[in-house]
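These are my notebook entries on a single chain.

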Amino acid sequence: MLTSSDITGGSGLDDTYQRDLENTSAALEAGVTSLAPGTAIGVIDTWYGTLKNAERDDLHAIANLLAELKDELQSDRLDGPAIGSLLLRLGEQTTSAAADADDARLSPKLERLGTLLSRAGTTLGAEPVEAHQQNVLDGPASAPVSQTEKGLAPDPDERDS
């Protein structure tokens, strides 16, 4: 179970944490591209500092993703799809953590944040896992699959002369 003490380090959901959670959600609702990288890095630093000392492995994983996102935002050239992919993964993991929250006040706020992070990720070009898996299964619509690509011996009529 995710407890507020895992996140706050204390025994309850304090005002600072609630304010940080609400401010992060509000910033994402305004649109991820409206956030300056420096502002986003400040938000990331706040959450990283909160989560890096949590007792749960899933929260450490979120902290690690935040560190990756910070690195990506500090690079010379911003890569929208790479940032989007990290945001999507953060959204999925945040939503998952919300499902394990034992504080009734924490769960819906984390679910909302997870949804906003995932939405921001898709805005920047990341594909949800289900869509990516379907595209891999379907393959490119206009390119026929050759016998060799299917793992079959080439048709003698398809060989180049």
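Is Glu29 buried, partly exposed or exposed? I found Glu29 partly exposed, with a relative accessible area of 48%. For this I took buried as under 20% relative accessible area, exposed as over 50%, and partly exposed as in between, with a 1.4 Å probe and protein chains only.

I note the basis of these entries. The model is predicted, so I kept local features to pLDDT of at least 70 and side-chain atom pairs to pLDDT 80 or more, whereas totals for chains, interfaces and linings use all residues. Residues are numbered from 1 along each chain as its sequence is written, and side-chain values use heavy atoms, with hydrogens and water left out.

Entry on salt bridges. I counted a salt bridge where a side-chain nitrogen of Lys or Arg lies within 4 Å of a carboxyl oxygen of Asp or Glu. In general, side chains of opposite charge can pair when their charged atoms come close. The structure holds 5 salt bridges.

I looked up the partner of Glu29 and found Arg112, with the closest N and O atoms 2.7 Å apart. This pair joins distant parts of the chain, as Glu29 is in helix H2 and Arg112 in helix H6, 83 residues apart. Helices here are DSSP runs of H or I with at least four residues, numbered from the N terminus. Arg112 is partly exposed at a relative accessible area of 36%.

Lys109 and Glu22 also form a salt bridge, at 3.2 Å from N to O. Lys109 belongs to helix H6 (residues 106-123) and Glu22 to helix H2 (residues 15-30), 87 residues apart. I recorded Lys109 as partly exposed at 24% and Glu22 as partly exposed at 41%.

Next I turned to Arg56, which pairs with Asp100 at 3.6 Å between the closest N and O atoms. Arg56 lies in the loop between helix H3 (37-51) and helix H4 (57-73), and Asp100 in the loop between H5 and H6, so the pair ties together parts 44 residues apart in sequence. Arg56 is buried, at 13%, while Asp100 is partly exposed, at 33%. I also found Arg56, Asp58 and Asp100 linked in a network of salt bridges.

Entry on Thr94. I placed Thr94 in helix H5 (residues 80-99) and found this residue buried, at 7%. Its side chain reaches the backbone oxygen of Leu90 at 2.7 Å. Leaving out residues up to four places away in sequence, Thr94 touches Ile62, Leu110, Leu113, Gly114 and Leu117, where contact means heavy atoms within 4.5 Å.

Terms used. Helix = DSSP H or I, 4+ residues; strand = E, 2+ residues; numbered from the N terminus. Polar contact = N/O pair within 3.5 Å; in protein donor to acceptor, adjacent residues only side chain to side chain.
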